[in-house]
Amino acid sequence: MGCSKRQIGQWMFKVNHAEGMDCQADWLLSCFEKMQHEGVSFSHGLRIKLGWSILELQSEQGNSLVVCEPDFLRNPFVDFRPDVSVSLQVQASQVAFVNQLNLAPLETSFQDRIIFAKGCWDAKKIYMERVAPRPENGDSGWFFGVVDGNNEPGNLQSGFVFQLLKLRPMLLQLLLLPAGYMVVLDGGGVEAVLDQYGSSVEVK
């Protein structure tokens, strides 16, 4: 486990993270530094949106603030842990993917709902398709179906984005794609990305 620190204003910020994530942690600390310059007042319990995740500042002894992320293994709506590895890893993979396609990202929150066909997580070949999200209703716009399978309304279920960490974590990197896009996956890898016109998009 690594720990990156930086004095920002009156606070010593502490970012705990997995080994090898020092650059990402430094980037995050620079974000807090920028916020401080923009007049944000930091305090215990302050929650800050970071891409798909939400971070919470928790005070330690003295003037230290530990940056925490939702505990995705428990109840991420209320539980936090003093480590930001998952949030940073997913954020980096999402940004890298849309950059490969040269697309403007359309955010998805870990709290947003997804719709999926029963049995799709065990299927070899699936697809994911996005319609216009409704963030005010907690709707990501993402549907996950089975290629050549039962995607009828009676065979559908709903869940939350963060559950993909357990079900199929590699899909999280694809969630910034705009409405109208579809991804076909075969054996866990991306077979094709289609834009809103049904044209194939090259993944560099």
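Predicted model: local features only at pLDDT ≥ 70, side-chain atom pairs only at ≥ 80, totals over all residues.

Biologist: Which residues are linked with Glu 69 in a network of salt bridges?
Modeller: Side chains of opposite charge can pair when their charged atoms come close. Here Glu 69 belongs to a salt-bridge network, and its partners there are Arg 81 and Asp 83.

Biologist: How many salt bridges does a search of the whole structure find?
Modeller: One of them joins the side chains of Arg 134 and Asp 139, at 3.5 Å from N to O. Arg 134 is partly exposed at 44% relative accessible area; that label covers values between buried (under 20%) and exposed (over 50%), using a 1.4 Å probe and protein chains only. Searching the whole structure gives a count of 10.

Biologist: How far apart in sequence are the parts tied together by Glu 33 and Arg 6?
Modeller: The side chains of Glu 33 and Arg 6 form a salt bridge, 3.2 Å from N to O. Glu 33 sits in helix α1 (residues 22-37) and Arg 6 in strand β1 (residues 2-8), so the parts they tie together are separated in sequence by 27 residues. Helices (H or I, at least four residues) and strands (E, at least two) are DSSP runs, numbered from the N terminus.

Biologist: And where does Glu 107 lie, the residue paired with Lys 49?
Modeller: The two side chains, Lys 49 and Glu 107, meet in a salt bridge of 2.7 Å, N to O. Lys 49 is in strand β3 (residues 47-50), 58 residues away in sequence, while Glu 107 is in the loop between α2 (85-101) and β7 (113-117).

Biologist: Is Asn 16 buried or exposed?
Modeller: Asn 16 belongs to strand β2 (residues 11-17). A polar atom of its side chain lies 2.9 Å from the backbone oxygen of Pro 82. Asn 16 also touches residues including Met 1, Val 66 and Asp 83 (heavy atoms within 4.5 Å), not counting residues up to four places away in sequence. Its relative accessibility is 17%, so Asn 16 counts as buried.

Biologist: What kind of ring pair do Trp 52 and Phe 110 make?
Modeller: Rings of Phe, Tyr and Trp (its six-membered ring) pair if their centres lie within 6.5 Å; planes under 30 degrees apart are stacked, over 60 edge-to-face, and the rest tilted. The structure holds 14 such aromatic pairs. For Trp 52 and Phe 110 the centres are 6.4 Å apart and the planes stand at 85 degrees, so this pair is edge-to-face.

Biologist: What about the rings of Phe 116 and Trp 121?
Modeller: Their centres are 5.2 Å apart and their planes at 50 degrees, so the pair counts as tilted. Phe 116 is buried, with a relative accessible area of 9%, and Trp 121, at 15%, also counts as buried.

Biologist: Which residues does Ser 200 touch?
Modeller: Ser 200 is in the segment after β12 (189-194), and at 59% relative accessibility it counts as exposed. Leaving out residues up to four places away in sequence, Ser 200 touches Val 193 and Leu 194.

Note on methods
Residues numbered from 1 in each chain as written. Heavy atoms only, no water. Salt bridge = Lys/Arg side-chain N within 4 Å of Asp/Glu carboxyl O. Polar contact = N/O pair within 3.5 Å; in protein donor to acceptor, adjacent residues only side chain to side chain.
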